[in-house]
Amino acid sequence: MSERAGGSRRLPASAWVFDSALALLAAGLATAQFVSMPADRGVPGSRFVLGYGLVLLHTLPLAVRRRFPGAVLALVVASGLAGIALFLPPFFVGPAILVAVYSVAAYGRRWVSLAGLAVAELGLAAVPLTRFEEPLDWLVWVQFAGIFGAAWLLGLFAHNYRAHAARLEERTAELERAREALARRAVVEERLRLARELHDVVAHAMSVIAVQSGVGAHVADSRPEEVGKALAAIEATSRSALTELRRLLGVLRQDGEPQASLTPAPGLANLEGLLAEVAKAGLAVRLRVEGAPAPLPAGLDLSAYRIIQEALTNVVKHAGPAHAQVTIRYRDHEVAVEVIDDGRGVAAVATDGRRGRTGHGLIGMAERVAVFGGDLEVGPRPGGGFRVAARLPLAADRR
């Protein structure tokens, strides 16, 4: 048998309302029976207040029968025996005890449920001991004992049904989570397949364009008529590749993802605007440029800008009150960017100095640098603060 509901389980408001109404109804019926007792069987005046209190003590605890089923049953049995000892009619205790017996089986733990049934049966057996002047009717006692057992079995059935329904609901939730995980996995696998197709399309198109452009350059002087054929082949290949790229990128776009902005991708030439935005956030940044600025490939220019942007964002988020310096170094075969600050630094830094924190920002920086075969260094500075430095080679002959 599974663990019983109750105890610390939070009950819905409807359960509290129903149980409270049930307790008030039982109290009203028992009070009406108590007040309307015949005069020859009535309670002496000195015991009337006590009897009225026992009636309420016998019925009102049913309002918390789901949360404290064992305690409610014990209280109902004890107050019922006390009421019978005061010459209340035995049938007045019947409804409340039946509800309590049902509740201890439906909402109590296993040992509480069995102990509650035993207490109810023993309480029933003790009824004749409180009425010495009346003969004991064993047939009636057996009938009431059977009714108590039936109420207990009904509560046990309700508990088992509720537990089975809970297991089914949990299993359904698990299956739904598994289905969603499989769907996500299928989407990821499909996107990887499309990414491989995208790579093949680009690689093939660029190879054809490179070959045809080389042929055109080679025969430009000796056979000018071949140049037009090469240019036509380049045009057809590039158009076909662009069409295929649009199709594949359209599939790869996330659901609900906004359409790409028509604004040109930012680069190092847009740093002034970025530094102005950072200054509004309270971070003073100084820009330093070494070497003569030169035009950069679009992808490398964007990656350098994004690295600086992410580094400054981390300073704003994690460094506290600080100053930062951005340094850009233009060299013959590479461009290097460095962002340093004098804030409180970051505690979690990898031992190899390459992946400072495990956040997505620094991981994204590393991926951008890896695309161009460069180097990324992140970590705390000896004098305090944090440093991000990236080197991006300009050479295009990497494989």
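1. In this predicted model, Glu338 and Arg387 form a salt bridge, with their closest N and O atoms 2.7 Å apart. The two residues lie 49 positions apart, Glu338 in strand β3 and Arg387 in strand β5, so the pair links distant parts of the chain. Glu338 is buried, at 10% relative accessible area, whereas Arg387 is partly exposed at 29%. Both residues also belong to a network of salt bridges that takes in Arg288, Glu290, Arg329 and Glu377.

2. A second pair that links distant parts of the chain joins strands β5 and β4: Arg391 and Asp375, 16 residues apart. Their side chains meet in a salt bridge at 2.8 Å, N to O. Arg391 has a relative accessible area of 26% and is partly exposed; Asp375, at 33%, is partly exposed as well.

3. Glu176 is partly exposed at 34%, and Arg179 is partly exposed at 48%. The salt bridge count comes to 10.

4. Helix α6 spans residues 138-219 and also holds Leu154. Leu154 counts as exposed because its relative accessibility is 51%, and the cut-off for that class is over 50%. Together with Phe157 and Tyr161, Leu154 makes a nonpolar surface patch of about 380 Å².

5. The largest nonpolar core has 35 residues, of which Leu268, Ile308, Leu312, Ile328, Val335, Leu376 and Val388 touch the most other members. Elements giving two or more residues to this core include strands β2, β3, β4 and β5, along with helices α8, α9 and α10. Helix α9 gives the most, with eight residues. Setting aside neighbours within four places in sequence, Leu268 is in contact with Leu296, Asp301, Ala304, Tyr305, Ile308, Ile328, Tyr330 and Val335. There is also a second, separate core of 21 residues, with Ala63, Val76, Ala96 and Leu117 among them.

6. Ser103 sits in helix α4, residues 94-107. Its relative accessible area is 0%, so Ser103 is buried. Beyond neighbours within four places in sequence, Ser103 is in contact with Arg65, Pro69 and Gly108.

7. For the chain as a whole, there are 10 helices and five strands. Of its 399 residues, 35% count as buried. Among contacts with a separation of 6 or more, 73% come from residues 24 or more positions apart. The accessible surface is about 24,000 Å², and carbon and sulfur atoms account for 63% of that surface.

Key: Residues are numbered from 1 along each chain as its sequence is written. This is a predicted model: local features need pLDDT of at least 70, side-chain atom pairs count only at pLDDT 80 or more; totals for chains, interfaces and linings use all residues. Side-chain values use heavy atoms; hydrogens and water are left out. Helices (H or I, at least four residues) and strands (E, at least two) are DSSP runs, numbered from the N terminus. Buried means under 20% relative accessible area, exposed over 50%, partly exposed in between (1.4 Å probe, protein chains only). Contact means heavy atoms within 4.5 Å. A nonpolar core is a set of buried Ala, Val, Leu, Ile, Met, Phe, Trp, Tyr and Cys residues joined through side-chain atoms within 4.5 Å. Patches are made of residues with over 30% relative accessible area and no salt bridge: like charges are joined within 9 Å, nonpolar side chains (Val, Leu, Ile, Met, Phe, Trp, Tyr) within 5 Å. Accessible areas come from the Shrake-Rupley method with a 1.4 Å probe; for residues, only the protein chains shown count as cover. A salt bridge is a side-chain nitrogen of Lys or Arg within 4 Å of a carboxyl oxygen of Asp or Glu.
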